[in-house]
Amino acid sequence: MLEKTGIPTSDDLKAIKPDKERLKKGPVALIECFRKIPCDPCFYSCPFDAIDEFKDINDIPNLDYETCTGCGNCIASCPGLAIFVVDYNKNTLSLPYEFLPVPEKGDLVWGLNRAGKKVKKAEVVRVKDPAKNDKTAVVTIKLPKEYLMEVRNIEVGELNG
Amino acid sequence: MINTDILVIGGGPAGMTAAIKASESGAQVIIIERYHELGGQLIKQTHRFFGSKKEQAGIRGISIAQELTEKIENHSNIRVMTEATAEGYYEDEVVTISHENKFKKIKAKKVIIATGASENMLAFENNDLPGVYGAGAVQTLMNLYGILPGEKVIMVGAGNIGLIVSYQLLQAGVDVEAVIEAAPKIGGYLVHASKIRRAGVPIYTSHSIKKAIGENSVQGAEVVELNDNWEMKVGTEKVIEADIICLAVGLNPLSDLLIQAECEVVYTPELGGDVPIRDENLKTTKDHIFVAGDVAGIEEATAAMLEGEIAGLKAVSEIGYSNENIFEELNRLKTELNKLRSGPVGKVIKNGIEKVRRGNYVGKNRYSHLR
């Protein structure tokens, strides 16, 4: 269980999964924030108001998947690094990355699951690291569909030896 | 004797916001800080802060420290004294300090004590081996001086500090072999836990450290599983190799100065130790003395900064630097603070604060026998 291991369970994950129809429409954000903490920057980061305004700052963020365009603006805003964007049309996953070296487009990296296990090699297709992100890079990798809900981190270096 | 309107003791997040708020009304402020620069723990916090976007959430601690330091340096009526330690508080409201190898006396109309907290130690065999560090020391080495503390770390404690420092160690290229936590559940924010877990760091709840292994320095630790009564389960011992054991097992309010100044202080487990009885504006049982930040109860820096603002504002208003909107402003700050504390973690803190609110506490003062 999440409180014991730090790994969200399938029950936890059910709460955030947009339905298949929505996934087909294109990129969408997934907010893996499961427990109440006093934090609200994601609400302010969304240019489309897809995240409900927090009545109580401890609320769990509520994202309207229909309004979300998957722009990824929220990814680097989250102090918990808990926001990801998946695109089932392009088979890509975007994630926050705060380690050096920041990978470059074309690099091969390991895709790690929520327990940090290497599960699939992946190619980096985009890296956004603008000054406004304040050193949280947003890395987009290409993955087979079945890994889009599994991979949540990357290991850089080894595969480009 | 140095005379001033407000003396702030401690240049961390609470002390800095207290000094800024107090100086805005025109009062003369002195802020003293033991270290050679202002910022307190903020100068080691490379991660983004939680809390309200309106109150710096999403900003890294180091950036907040920079911003507050600049604000203080740009205020002509704030005098900063670094490498200055408060030594004593006297009956005639004189504070003695050591500064630049000199003994100095400061008399202020109001004193705001924001001395922060110190780290707890943990009792286990060989805990005096070189290589056993507090999490604060590891952060100082790594994030201030750019020195790696070691190659492989065992982190003891899965509260926010243990989780965050583990993440910072990973960023510095240090292997975190395990995070062990005696409680059955992770104490810190689960997003922090998930972040290090997906980087491959195992978190062992219901586990404790039995002893450090090594002759001249740490070579590993024997860890053991705990049962529901927090007792070691015989036969579950295992050895984890590491050259650093990092302790992140809680903080203890640095209330010595308050006790010496004869403020009423009460042991309050919810707030981490001995904390002063205070009113909602952070005034202690002494009319001259306010508190803010971890010394008033262990909490996040965001709460400390709000407390500093409240104490600073109220303290200057009591010495005649009135601001037309003071009540509105105080109410706004208290509302923000209350919002921060409205979650499950905040509930425990609020319970603690209720106990030590002026007028509520009915027990015996813990240190009255010293008088």
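Contact here means heavy atoms within 4.5 Å. Keep that in mind for the exercises on this predicted model, where local features need pLDDT of at least 70, side-chain atom pairs count only at pLDDT 80 or more, and totals for chains, interfaces and linings use all residues. Residues are numbered from 1 along each chain as its sequence is written, chains are lettered from A and ligands numbered from 1 in the order in which they are written, and side-chain values use heavy atoms, with hydrogens and water left out.

**Exercise 1. Describe how chain A and chain B meet**.

Step 1: Start with the residues. Chain A brings 42 residues to the contact, and chain B brings 35.

Step 2: Look at the area. Buried area is the accessible area (1.4 Å probe) that two parts lose on being put together, summed over both. For chain A and chain B it comes to about 3100 Å², with 57% from carbon and sulfur atoms. On the chain A side, Lys4(A), Pro79(A) and Phe99(A) lose the most area to chain B, together 18% of what that side buries.

Step 3: Turn to the charges. A salt bridge is a side-chain nitrogen of Lys or Arg within 4 Å of a carboxyl oxygen of Asp or Glu. The rule finds 2 of them across this interface. Arg60(B) makes a salt bridge with Asp134(A), and their closest N and O atoms are 3.5 Å apart.

Step 4: Between chain A and chain B, 23 residue pairs qualify (both at pLDDT 80 or more).

Step 5: Find the elements. Helices (H or I, at least four residues) and strands (E, at least two) are DSSP runs, numbered from the N terminus. On the side of chain A that touches chain B, α1 (2-5) and α4 (41-45) each supply at least two residues. The largest share, 4 residues, comes from α1(A).

**Exercise 2. Is Ser94(A) buried or exposed, and what does it touch?**

Step 1: Locate the residue. Ser94(A) sits in strand β3 (residues 92-97) of chain A.

Step 2: Apply the cut-offs: buried is under 20% relative accessible area, exposed is over 50%, and partly exposed is in between (1.4 Å probe, protein chains only). Ser94(A) has a relative accessible area of 6%, so it's buried.

Step 3: List partners. Leaving aside neighbours within four places in sequence, Ser94(A) contacts several residues, including Ile75(A), Phe84(A) and Arg126(A). Its side chain also joins that of Thr140(A) in a polar contact of 2.7 Å.

Notes
Polar contact = N/O pair within 3.5 Å; in protein donor to acceptor, adjacent residues only side chain to side chain.
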